[in-house]
Amino acid sequence: MAHRGASRYAPEHTPAAYRRAIAEGADALECDVRMTADGHLVCVHDRRVNRVSDGRGAVSAMELAELSELDFVSWKAPAEDLPEEPDREDEGERGVLTLDRLLRLVTEADRPVGLSIETKQPSKWRGEVERRLVEALDRCPIPGPVRVMSFSARSLQRTRALAPGLPTVYLMHFLLPRHRGGRLPVGASIAGPSIRVLRRDPGYVARARAAGHRVHVWTVDEPADVDLCVRLGVDAIITNRPGEVRERLGPI
Ligand code: G3P
Ligand code: CA
């Protein structure tokens, strides 16, 4: 799964990054969604737009029209260790990427591609993010599998209440004592540990699977970590480098 698109090589959360991920063979795309002041879901990781655009300010305080005027492409400078320059196509698509636009992009792929959507700052909007997310998915169904992810168990519970059939991924920076045995909070169907969890506690994958949960691991960019995930039999690898990971995994 391509984390924010092929975001090692193209500016994250842009059509170019997602198209590149699809072209590199990603099975699914990861994105973060936040709500704008006027109630639109847009794909931005940080609370503020400062790092990834030429604007300043919090996404939640800005309207879609304002975010659409910003440039979310040009901030990413080519780095010396990159094999190729960041993708500069999609010149006309520099403004913020909406979830609706990303869903359409996924439907335009020449094969079914999945989508794992992470709710960011869900508690601020008391259920509106989840409601609008489920509405967007209803408006534009995609052929591949969809999952909703969050560090907030409450957000997953809200999603589950709105769309009981939608798989939900509980993201974990570390394991709380109550989750070490493999159990997840109510409302979560898939375990989403950081790769750091597995480096420290590789047995977690077997425990989560024995408890009936698939395991989606993030963010896995180092070859040794890819190999660890394969050895442990995880169900999904979320990476900024989908092409390289695909190559390392070999033909499926
Ligand atoms: O896929 C989960 C991962 O994206 C969570 O961390 O900070 O990159 O959203 P973050
Ligand atoms: Ca994320």
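**Notes on the model**

1. Leu-156 has its place in helix 5, residues 153–162, where helices (H or I, at least four residues) and strands (E, at least two) are DSSP runs numbered from the N terminus. Leu-156 counts as buried because it has 29 C-beta neighbours inside 10 Å; the cut-offs are 20 or more other C-beta atoms within 10 Å for buried, 12 or fewer for exposed and anything in between for partly exposed, with C-beta atoms placed from the backbone. Leaving aside neighbours within four places in sequence, Leu-156 is in contact with Val-148, Ser-150, Thr-168, Tyr-170, Gly-187 and Ala-188, a contact being two C-beta atoms, placed from the backbone, within 7 Å. The C-alpha atoms of Leu-156 and Val-186 are separated by 8.4 Å, although the two residues are 30 apart along the chain.

2. This is a predicted model, in which local features need pLDDT of at least 70 and side-chain atom pairs count only at pLDDT 80 or more, while totals for chains, interfaces and linings use all residues. Residues are numbered from 1 along each chain as its sequence is written, and chains are lettered from A and ligands numbered from 1 in the order in which they are written. The chain averages a pLDDT of 95, with 94% of the residues scoring at least 70; pLDDT is the predictor's confidence in each residue, from 0 to 100. The scores for the model are ipTM 0.99 and pTM 0.95.

3. The chain has nine helices and nine strands, and its C-alpha trace spans about 50 × 45 × 30 Å along the principal axes. For 252 residues a compact globule would have a radius of gyration near 18 Å, and the chain, at 18 Å, agrees with this; the radius is taken over C-alpha atoms, and the globule rule is 2.2 Å times the number of residues to the power 0.38. Of the 252 residues, 43% count as buried, and among contacts between residues at least 6 apart in sequence, 59% join residues at least 24 apart.

4. The largest nonpolar core has 66 residues, and those with the most contacts inside it are Leu-29, Val-33, Val-42, Leu-102, Val-217 and Ile-237. Such a core is a set of buried Ala, Val, Leu, Ile, Met, Phe, Trp, Tyr and Cys residues joined through C-beta atoms within 7 Å. Not counting residues up to four places away in sequence, Val-217 touches Pro-193, Ile-195, Leu-198, Cys-229, Val-234, Ile-237 and Ile-238.

5. Helix 1 is mostly covered, with seven of its nine residues buried, among them Tyr-18, Arg-20 and Ile-22. What covers these buried residues includes strand 1, strand 2 (28–35), helix 3 (99–107) and helix 9 (242–249). Gly-25, which follows helix 1, has a positive phi, near 100°.

6. Arg-4 is found in the loop between strand 1 (2–3) and helix 1 (15–23) and is buried, with 26 other C-beta atoms within 10 Å. Arg-126 lies in the loop between strand 4 (114–119) and helix 4 (128–139) and is exposed, with 11 other C-beta atoms within 10 Å.

7. Which residues are around ligand 1? They are His-3, Glu-30, Asp-32, His-45, Glu-118, Leu-171, Trp-218, Thr-219 and Ile-238, taken as those whose C-beta atom, placed from the backbone, lies within 6 Å of the molecule. This shell divides into three nonpolar, three polar and three charged residues, with Ala, Val, Leu, Ile, Met, Phe, Trp, Tyr, Cys and Pro counted as nonpolar, Asp, Glu, Lys and Arg as charged, and the others, Gly among them, as polar.
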